Amino acid sequence: MSSATVKVQLVFAEHGAFHREEVEIPLASLRANERLVDCLREDPAVLKRVHVDASKLCAAFVLDGA
């Protein structure tokens, strides 16, 4: 498996405020999933790297050109 990663910006809403986080996820995981949100919530390789509170997630964007 390739060790290539892609940067993703996550936007969360909590208590009326927004904050952004940048994370790196495996490029292979991104390509294997049809939707980025599914990749963040369900892909085992992504879940090993990051925890995403889906109830507070408002948006997710790929920052690198993948």
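This is a predicted model: local features need pLDDT of at least 70, side-chain atom pairs count only at pLDDT 80 or more; totals for chains, interfaces and linings use all residues.
Me: Which elements does the protein have, and in what pattern do they follow along the sequence?

Reply: Helices (H or I, at least four residues) and strands (E, at least two) are DSSP runs, numbered from the N terminus. Here there are three helices and three strands, and the pattern along the sequence reads β-β-α-α-α-β.

Me: How do I read the sheet: in what order do the three strands stand?

Reply: In general, strands of a sheet pair through backbone hydrogen bonds, either parallel or antiparallel. Two strands count as paired if DSSP finds at least two bridges between them. In this protein, three strands form an open sheet in the order β2-β1-β3, with antiparallel pairing. Because β2 and β3 stand at the edges with a single partner strand each, one side of each has no neighbour in the sheet. On average, neighbouring strands of this sheet are turned by 20° against each other, direction ignored; the axes behind that angle are lines fitted to C-alpha atoms, for helices over the stretch in contact, and angles run from 0 to 180 degrees between N-to-C directions.

Me: How many bridges join β1 to β2, and how many join β1 to β3?

Reply: Strand β1 (residues 5-14) is joined to strand β2 (residues 17-26) by 10 bridges, and to strand β3 (residues 57-62) by five bridges. Gln-9 has Glu-22 as its bridge partner in β2.

Me: What should I look for in the turn between β1 and β2?

Reply: Start with the general idea: most residues other than glycine have a negative phi, and most peptide bonds are trans. β1 and β2 form a hairpin with two residues between them. His-15, in the loop between these strands, has a positive phi of about 55° although it is not a glycine.

Me: Is His-15 buried or exposed?

Reply: Buried means under 20% relative accessible area, exposed over 50%, and partly exposed in between (1.4 Å probe, protein chains only). His-15 is exposed, because its relative accessible area is 79%. For contrast, look at Ser-29 in helix α1: its relative accessible area is 3%, so Ser-29 is buried. Across the protein, buried residues make up 32% of the 66 residues.

Me: What does Ser-29 touch?

Reply: Contact means heavy atoms within 4.5 Å. Not counting residues up to four places away in sequence, Ser-29 touches Cys-39, Asp-43, Ala-45 and Val-46. Now try Glu-42, which lies in helix α2 and counts as exposed because its relative accessibility is 55%. Glu-42 and Phe-18 are 24 residues apart in sequence and 24 Å apart in space, C-alpha to C-alpha.

Me: Which residues touch the most other members of the largest nonpolar core?

Reply: A nonpolar core is a set of buried Ala, Val, Leu, Ile, Met, Phe, Trp, Tyr and Cys residues joined through side-chain atoms within 4.5 Å. The largest one has 15 residues, of which Val-8, Leu-10, Ile-25, Leu-40 and Val-52 touch the most other members. β1, β2, α1 (27-32) and α2 (36-42) each supply at least two residues, and the largest share, four residues, comes from β1. Leaving aside neighbours within four places in sequence, Val-52 is in contact with Leu-10, Phe-12, Leu-40 and Leu-57.

Me: What radius of gyration does the protein have?

Reply: The radius is taken over C-alpha atoms, and the globule rule is 2.2 Å times the number of residues to the power 0.38. With 66 residues, a compact globule would have a value near 11 Å, and the protein's 12 Å agrees with that. Its C-alpha atoms fill a box of roughly 40 × 20 × 20 Å along the principal axes.

Key:
Residues are numbered from 1 along each chain as its sequence is written. Side-chain values use heavy atoms; hydrogens and water are left out.
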